[in-house]
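This report covers selected helix and backbone features of one model. Please view the sequence and the coordinates together.

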Amino acid sequence: MEYLPRLIAWELTRACNLACIHCRASAITEPDPNELTTQEAKQLIDNIASFSKPILIMTGGEPLFRKDIFELTEYGTKKGLRVVLGTNATLITPEIAKKLKEAGIKRVTASLDGASPQSHDNFRKVPGAFESTLKGIEACRQAGISLQVNTTVTKQNIEEIEKILDLVIKLGVDAWHVFFLVPTGRGKLIEEKELPPEEYERALNWLYDVQKKVNMHVKVTCAPHYFRIMLQRAKAEGTTLKLQREGMHAMTKGCLAGTGFCFVSYVGDVYPCGYLPVKAGNVRDLTFKEIWLNSKLFTDLRDTSKLEGKCGYCEFKNICGGCRARAYSRYNDYLAEEPYCMYQPKKVSAKS
């Protein structure tokens, strides 16, 4: 029981009102009839709660397309899970925000990928998305719901990142999570917009500086080598890196795929993360607990001695781990080395 889920992202539906260029889900406009039913969804919540108390991120698509969203939120909350809504926020009105608060939502995460209507809407492919998202964020604020903004960084918006930061600060949210593009779903079509490794390194160092200056939690996602950078920078500064282990602001290690995090699809397929399309099992065939504890895929990912290439002998492999999804996308091998890390380990091979 050493490995328990800390975060579970649950794709309640693939249906969505936007058509984002980097969408992991390649979302569709109408709910799929094969989605987990309300009863199946409650059974999943029951099983998760039977052995763990993770943060449960109800996402999509757009989770507000689910007619039972408030019922499932309330059910998960009563089972002791910390339920978060991962949304584009465009559908959130004051009435919906009030109902989310009453149902027990602990946080709403809304996405902003530009600092202006033009840049954000270019990402989202729907005119007016930017203004609708800001209205949704304000409705949640008025309802007293904790807020988090997610931003996916690509070549398309990297030059605007400081303006996005200014906007996020102005919004007064509790957390800013910066995602780095992983080329899956629609994101595969814009793989050329992924930052090159040297740009990653500069952006991660900039974010390290930012998180020390701002009055909100800054977290980097899908760039596990940020943990290597944090250790290197802290050592150079003569300080000790202290990581928060629990709660909404927990930061424990780089790639959590299959170790502290997993993704459940709208039909019940369980994956290490939403960007790594290798299935560990389906909750219609096995319980979530059985899949989490016993699947070969997850046990492989928990054994860092199986990592290949330079990740296999890197001195930071236990805190970084490399992005398993990028490794799979590049090499068709989820244990291969992280292709977007510039760092050269002090060892020159596993034998040195």
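## Basis

This is a predicted model, in which local features need pLDDT of at least 70, side-chain atom pairs count only at pLDDT 80 or more, and totals for chains, interfaces and linings use all residues. Residues are numbered from 1 along each chain as its sequence is written, and side-chain values use heavy atoms, with hydrogens and water left out.

## Helices α7 and α8

Helix α7 (residues 197-211) and helix α8 (residues 226-236) have axes that come within 10 Å and cross at roughly 60 degrees. Axes are lines fitted to C-alpha atoms, for helices over the stretch in contact, with angles from 0 to 180 degrees between N-to-C directions. Helices are DSSP runs (H or I, at least four residues) and strands are E runs of at least two, numbered from the N terminus.

On the α7 side, the contact (heavy atoms within 4.5 Å) includes Glu-201, Leu-204 and Tyr-208; on the α8 side, Tyr-226, Ile-229 and Arg-233 are among the residues involved.

## Helix α1

In α1 (residues 38-49), the buried residues (under 20% relative accessible area, 1.4 Å probe, protein chains only) are Ala-41, Lys-42, Leu-44, Ile-45, Asn-47, Ile-48 and Ala-49. Their cover includes strands β1, β2 and β8 and helices α2 and α9.

## Loop sites

The Gly-60 to Gly-61 peptide bond is cis, with omega near 20 degrees; Gly-61 lies in the loop between β2 and α2.

Ala-89, in the loop between β3 and α3, has phi near 70 degrees and is buried at 1% relative accessible area. Cys-222, between β7 and α8, has a positive phi of about 65 degrees and is buried at 18%.

Definitions and conventions
Expected span 1.5 Å × (residues − 1). Buried < 20%, exposed > 50% of the residue type's maximum accessible area, 1.4 Å probe, protein only.
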